[in-house]
Amino acid sequence: MQRDEQIFELIQAEKERQLHGIELIASENFVSDQVMEAAGSVLTNKYAEGYPGKRYYGGCEVVDEVEQIAIDRAKALFGAAYVNVQPHSGSQANTAVYHACLTPGDKILGFDLSHGGHLTHGSPVNFSGKLYSPVFYGVEEETGVLNYDKIQEIATKEQPKLIIAGASAYSRDIDFKRFRVIADSVGAILMADISHPAGLIAKGILNDPLPHCHIVTTTTHKTLRGPRGGMIMMGQDFENPFGIKLKNGNLRKMSSLLDSAVFPGNQGGPLEHIIAAKAIAFGEALTDDFLNYQLQVKQNAAAMAAALVAKGYKIISGGTDNHCMLIDLRNKNLSGKDAEQALVKADITVNKNMVPFDDKSPFVTSGIRLGASAVTTRGLNEKDMIDIVELVDKVVTNYENDAVLEEVKAKVNAMMKDKPLFV
Ligand code: PLP
């Protein structure tokens, strides 16, 4: 068969873009070459509906081993008692949890999207806001941080069945212990979505949700630096709170409800090539090198935040405890959209983002979100973060001047020239 040059040329063009640019999108990272190899392996050919040892297809002996290794490594990495590695994405993981724990119309309490939450935490444009009845908590206008007393008040008033702790654009550590007190006070299930800080949590750099939350979901491709995908975990298995019984009259454990919610509830065949890549990424994450990487991510993000503040940028909450930060650009007189577009012209990639109490639409926004995970993977350090902030500032303050953007682009390309893409 003829090689599909049209697509391979585009893949090459994307590789060049990634190689030459500065990647500051907080949800992105660069996987290792062995993760990439597994993701493009023959395992993509295999159907394996079911779970290791209980499949609906023959010939699953090899993928059974692969999936079991992925589960065991994830358990070791997070200290989890239960793991499901099959969700195709973070959204699929959250869908499965809601499917297992809720019935349509049930109330859920999540982090407001415009304050840093995720679409799947009850946004009206997402299934989670259409199928369930969402109510929200947010950050304080003056401080940009969560106020747990207010979250308690909302929970007491609204009596949600499920509370979601976690965000896509919140730069402070989350108090999962306090969230559990709130959840227990109203009899709610507590789910943590650690998609963003999972890598830092895995290495003990941020608060651990596993001892406090009933269920924990994550993506595997952000700070965790694995392939694009999702995962569900529990620190301990627990009886389902709604009394759903097995045929023999015993209560079904939460793990059994979650497994059924993933398959056959929401998905068919698992992506065993991606599960193999997840297993490799979890193996990498178990090493001391990965601890050093996460420590550098945190230091780089802190250096980036400090340099931005020194240049008069308003970071929501004033700084960062993790890998990311949300910048309110309203004092710089350009929108998030303007900034994103100008930065792309200079080969710096960020995403526009709503800021708390934003007066602009999600297509325009008043802010941008930055993260240090991807540039840290490419070997950049605190000194480089200060240089990057210089370049970002040059673009933001000259966003309509194409000559300046070209000048910055040349500096960006020179900076990234010898930086490897793969670990
Ligand atoms: N949850 C959070 C907190 C996220 O930030 C994201 C992705 O940005 C997701 C879930 C969804 O992940 P995916 O894009 O894999 O569906």
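The structure described here is a predicted model. Strand β8 spans residues 189–193, and because five of its five residues are buried, the strand is largely enclosed by the rest of the structure. The arrangement of its side chains follows a general rule: in a regular strand, side chains alternate between the two faces of the sheet.

Strand β8 has parallel partners. With strand β7 (residues 162–165) it forms a parallel pairing over four bridges, in which Leu162 lies opposite Ile189 of β8.

Ile163 belongs to the residues with the most contacts inside the largest nonpolar core, together with Ala74, Val97, Ile348 and Val395. The core comprises 125 residues. Helix α10 (residues 272–285) makes the greatest contribution to this core, nine residues. Both domain 1 and domain 2 are represented in the core, each by at least three residues. When neighbours within four places in sequence are set aside, the contacts of Ile163 are Leu109, Ala155, Phe179, Ile182, Ala183, Ala188 and Leu190.

Val97 lies in helix α4, where it is one of the buried residues. Helix α4 covers residues 90–101, and its twelve residues reach 17 Å from the first C-alpha to the last, close to the 16 Å expected at 1.5 Å a residue. The helix is mostly covered, with ten of its twelve residues buried. Besides Val97, the buried set consists of Gly90, Gln92, Ala93, Asn94, Thr95, Ala96, Tyr98, Ala100 and Cys101. These buried residues pack against strands β7, β8, β9 and β10 (230–234), and against helices α5 (127–131) and α9 (254–266).

All five of its residues, 367–371, are buried, so β15 is largely enclosed by the rest of the structure. Gly367, Arg369 and Gly371 face one way from the strand, whereas Ile368 and Leu370 face the other way. The pairings of β15 described here are antiparallel: five bridges link it to strand β12 (residues 324–328), and three bridges link it to strand β14 (residues 351–353).

The domain assignment divides the chain into domain 1 (10–31 + 291–417) and domain 2 (41–286). The centres of the two domains, taken over C-alpha atoms, are separated by 28 Å. Across the boundary, 28 residues of domain 1 are in contact with 27 residues of domain 2. On the side of domain 1 that touches domain 2, at least two residues come from each of α11 (288–310), β12 and α13 (373–377). Helix α11 provides the largest share of that side, five residues.

Key. Residues numbered from 1 in each chain as written. Predicted model: local features only at pLDDT ≥ 70, side-chain atom pairs only at ≥ 80, totals over all residues. Buried ≥ 20, exposed ≤ 12 C-beta atoms within 10 Å, placed from the backbone. Pairing = 2+ DSSP bridges. Expected span 1.5 Å × (residues − 1). Contact = placed C-beta atoms within 7 Å. Core = buried A, V, L, I, M, F, W, Y, C linked by C-beta atoms within 7 Å. Domains from an automatic or database assignment.
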